[in-house]
Amino acid sequence: MIPKPASKCASIVEELNIMGSSYDPDIHQFRLAQIEKEAEKLKQEAPEEAYTILGIIACMKGNIENMHRYHKNAIKCSGESFSSLKNYGFSLYHQGLLEDAYVYYLKAHEQEKANPSILNALLDISFFLGLDENYDKFKENLDKLNVKYDDPKDFYEDDEDWLENTLTDVEDMLHKHPDLIVKPDPEIESLIDDLIEGVVID
């Protein structure tokens, strides 16, 4: 039996989510190119899913402009379906665009109030944005569902070494991908040195 376009796309999205957790352009570049070709072919049969796939790939590559464009096309094609909103929120979150991610996760939440993954994402973002009342509300909703979830406070407030661990992760990533390091403009670097010179730190 030939798989339906929608189910095929769902399996591709799942593959991309798994790939994204340990994305390495040197390792995954060829497979991403294959998936992009598949998505282009699926635009007519399953436009929402095809644009979603392309949006996730653009996110993984750090192409923010295309990420926005593809995900918004998916949302438009689907009439703001739950999955299109959730996936756009996911990409925005992973690019650090937390306020935008919060908006789209909230829209998804309006459609599925008891979805634990959406509630957990909103819990995380509320914590990072300092939205204490919303954080408490989403935590209460998760507790009512009696599901296991990751509370950001458990990591960021109880783990005294979290900053050191985060910096170590960043250093490892930059060592692995030196192309991500942006070299400062010599004139700006000189200006910074002049500003710092003579400053006494208590």
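Predicted model: local features only at pLDDT ≥ 70, side-chain atom pairs only at ≥ 80, totals over all residues.

Biologist: How many helices and strands does the protein have?

Modeller: There are eleven helices and zero strands. Helices (H or I, at least four residues) and strands (E, at least two) are DSSP runs, numbered from the N terminus. The pattern along the sequence is α-α-α-α-α-α-α-α-α-α-α.

Biologist: What share of the residues is buried?

Modeller: Of the 202 residues in the protein, 31% are buried. Buried means under 20% relative accessible area, exposed over 50%, and partly exposed in between, with a 1.4 Å probe and protein chains only.

Biologist: And what is the accessible surface of the protein?

Modeller: It comes to about 13400 Å², with 53% belonging to carbon and sulfur atoms. Such areas come from the Shrake-Rupley method with a 1.4 Å probe, and for residues only the protein chains shown count as cover.

Biologist: What part of the contacts joins residues 24 or more positions apart?

Modeller: Such pairs account for 50% of the contacts with a separation of 6 or more. Contact means heavy atoms within 4.5 Å.

Biologist: Let us take a helix pair. How do H5 and H7 pack?

Modeller: Two packed helices are described by the angle between their axes and the distance between the axes. For helix H5 (residues 82-94) and helix H7 (residues 116-129), the angle is about 35° and the axes are 12 Å apart. Axes are lines fitted to C-alpha atoms, for helices over the stretch in contact, and angles run from 0 to 180 degrees between N-to-C directions. The crossing of H5 and H7 is left-handed, that is, the near helix is turned anticlockwise from the far one by less than a right angle.

Biologist: Which residues make that contact?

Modeller: H5 contributes Phe82, Lys86 and Tyr93, and H7 contributes Ile118, Asp124, Ile125 and Phe128. Five of the residues in the contact of H5 with H7 are nonpolar, none is polar and two are charged. Ala, Val, Leu, Ile, Met, Phe, Trp, Tyr, Cys and Pro count as nonpolar, Asp, Glu, Lys and Arg as charged, and the others, Gly among them, as polar.

Biologist: Staying with H7, is Asn120 buried or exposed?

Modeller: Asn120, in helix H7, is buried because its relative accessible area is 15%. Not counting residues up to four places away in sequence, Asn120 touches Leu142, Tyr149 and Asp150.

Biologist: Now Thr52. Where is it?

Modeller: Thr52 is in helix H3 (residues 47-61). Its relative accessibility is 3%, so Thr52 counts as buried. A polar atom of the Thr52 side chain lies 2.9 Å from the backbone oxygen of Glu48. With neighbours within four places in sequence left aside, Thr52 is in contact with Val13, His71, Ala74 and Asn87.

Biologist: Turning to the loops, where is Val147?

Modeller: Val147 lies in the loop between helix H8 (132-145) and helix H9 (152-156). Its relative accessible area is 32%, so Val147 is partly exposed. Pro116 is 31 residues away along the chain, with 7.5 Å between its C-alpha atom and that of Val147. Leaving aside neighbours within four places in sequence, Val147 is in contact with Pro116 and Leu142.

Biologist: What is the phi of Asn146?

Modeller: Asn146 has a positive phi of about 60°, although it is not a glycine. This residue also lies in the loop between H8 and H9, and Asn146 is exposed because its relative accessible area is 70%.

Biologist: And what is the phi of Glu80?

Modeller: Glu80 likewise has a positive phi of about 60° and is not a glycine. Glu80 is in the loop between helix H4 (64-78) and H5, and is partly exposed, with a relative accessible area of 40%.

Biologist: Finally, is Leu42 buried or exposed?

Modeller: Leu42 is buried, since its relative accessible area is 7%. It is found in the loop between helix H2 (25-41) and H3. Cys9 is 33 residues from Leu42 in sequence and 8.5 Å from it in space, C-alpha to C-alpha.

How values were computed. Residues numbered from 1 in each chain as written. Heavy atoms only, no water. Polar contact = N/O pair within 3.5 Å; in protein donor to acceptor, adjacent residues only side chain to side chain.
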